[in-house]
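Please read these notes with the model open beside you.

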Amino acid sequence: MKVAIVGASGAVGQEFLRVLDERNFPMDELLLFGSRRSAGTTYVFRGKEIEVKLLQHNDDFKGVDIAFVSAGSGTSKEFAGTITKYGAVMIDNSSAFRMDDDVPLVVPEVNPADALKRPRGIIANPNCTTIQMVVALKAIETLSHIKTVHVATYQAASGAGAAAMDELYEQYRQVLAGEEVTVDKFAYQLAFNLIPQIGSFTGNGYTEEEMKMYNETRKIMHSDIKVSATCVRVPALRSHSESIWLETERPLSLEEVREAFAHGEGLVLMDNPEKKEYPMPLFLAGKDPVYVGRIRKDLTVDCGLAFWIVGDQIKKGAALNAVQIAEYLVKEKAL
């Protein structure tokens, strides 16, 4: 098994290294690729020092079985042909191919078999907020078809990359020191603030991030489900939170809902209001599952539910989901 990581020096690229090691992913060789800025950098993986190679249009991917790509949609589009030329399966973390009809969009807990049909040799990793939401929605969908979802996201700085995390640290320091605040990675100061925009606005008033949640959820779940999202950047460092309201075709009891969440694949039930136990991003960074709490009836509709989820968007929302796709392909002997 020969594996490659494209974008090895980024936040998700570094998470790929950790996740592959943690899960003891079977491989004989690992190749790392990056831009001119990161080429030549070395990283240690399983006791071996590996140098980042410059990503080029050449034969470097000959013999590669799986390529995890997290270098932005522009790079993915430019290099997809080069990466897949000799048969490598490209698991792409960007938005470049997510809605293409001939590219499966996969969350292993929800639609793993979609990964088996990939005519272009590409499998798309969904948006981080979509991934953790559909893992939770899957548990409910097994009880009753979900008609509509309203969701408000609370997205950590790390969703914009490692440099954005550094900027948030620096902004807090600058504010407390009485210095002028540096603003670069976001439209406004994030420290001590909330920014109700992630991605550019589209013609219908929703942002690109919000429309991703609408479109990707329908594709992953093979459903007519409707999703209305409001995506907000919050001054947390890592792990995204989501407040979800949904309507099902039939009324569900809280007991059966909790049971479904408790046994749902990739989920952990953390719902004990009396003891103030509910998911919070500060305590769940670096964890694999999606955590569910604050489960209650929606008071506005008879078939409505409300709940709160938290997941590490760099891990489950990116690297881990991609590695789980690869694990499924290995298990199914589908490489």
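1. How many bridges join β5 to strand β6 (residues 89-92)? Four bridges join them, and the two strands run parallel. V69 faces D92 of β6 in this pairing. Strands here are DSSP runs of E with at least two residues, helices are runs of H or I with at least four, and both are numbered from the N terminus. Two strands count as paired if DSSP finds at least two bridges between them.

2. A word on the basis. This is a predicted model: local features need pLDDT of at least 70, side-chain atom pairs count only at pLDDT 80 or more, and totals for chains, interfaces and linings use all residues. Residues are numbered from 1 along each chain as its sequence is written, and side-chain values use heavy atoms, with hydrogens and water left out.

3. β5 also pairs with strand β1 (residues 2-6), in the parallel sense, over four bridges. There A4 stands opposite A67 of β5. Look at the side chains of β5 (residues 66-69): I66 and F68 point one way, A67 and V69 the other, and all are buried. Buried means under 20% relative accessible area, exposed means over 50%, and partly exposed lies in between (1.4 Å probe, protein chains only). β6 shows V89 and I91 pointing one way and M90 and D92 the other way, and all are buried.

4. Now the open sheet. Six strands form it, in the order β9-β8-β10-β13-β12-β11, with mixed pairing. Its edge strands are β9 (226-233) and β11 (267-269), each pairing on one side only. Neighbouring strands of the sheet are turned by 25° against each other on average, direction ignored. Axes are lines fitted to C-alpha atoms, for helices over the stretch in contact, and angles run from 0 to 180 degrees between N-to-C directions.

5. Within this sheet, β8 (residues 146-155) and β10 (residues 240-248) run antiparallel, joined by eight bridges. V149 stands opposite L246 of β10. Helix α5 (residues 208-221) packs on the sheet and touches β8, β9 and β10. The direction of α5 makes about 145° with that of β9. Helix α6 (residues 254-263) packs on the sheet too, touching β11, β12 (290-297) and β13 (304-311). The direction of α6 makes about 175° with that of β12. Contact means heavy atoms within 4.5 Å.

6. Is S158 buried or exposed? S158 is buried, because its relative accessible area is 5%. This residue sits in the loop between β8 and α4 (162-177). Beyond its neighbours within four places in sequence, S158 is in contact with M165, L237, R238, S239, Q313 and I314.

7. Next, the surface. Y278, M280, L282 and F283 make a nonpolar patch of about 420 Å². Patches take residues with over 30% relative accessible area and no salt bridge; like charges are joined within 9 Å, nonpolar side chains (Val, Leu, Ile, Met, Phe, Trp, Tyr) within 5 Å. Accessible areas come from the Shrake-Rupley method with a 1.4 Å probe, and for residues only the protein chains shown count as cover. L282 belongs to helix α7 (residues 281-284). Its relative accessible area is 69%, so L282 is exposed.

8. The structure holds 21 salt bridges. Each is a side-chain nitrogen of Lys or Arg within 4 Å of a carboxyl oxygen of Asp or Glu. E216 pairs with R98, the closest N and O atoms being 3.3 Å apart. This pair links distant parts of the chain: E216 is in helix α5, R98 in the loop between β6 and β7 (122-124), 118 residues apart. Both E216 and R98 are buried.

9. K147 forms a salt bridge with E247, and their closest N and O atoms are 3.9 Å apart. K147 lies in β8 and E247 in β10, so the pair ties together parts that are 100 residues apart in sequence. K147 is partly exposed at 38% relative accessible area, and E247 is partly exposed at 23%.

10. Two last items. R173 forms a salt bridge with E179, with the closest N and O atoms 2.9 Å apart. R173 is partly exposed at 39%, and E179 is partly exposed at 38%. Finally, a network of salt bridges links E22, R23, D288, K315 and E327.
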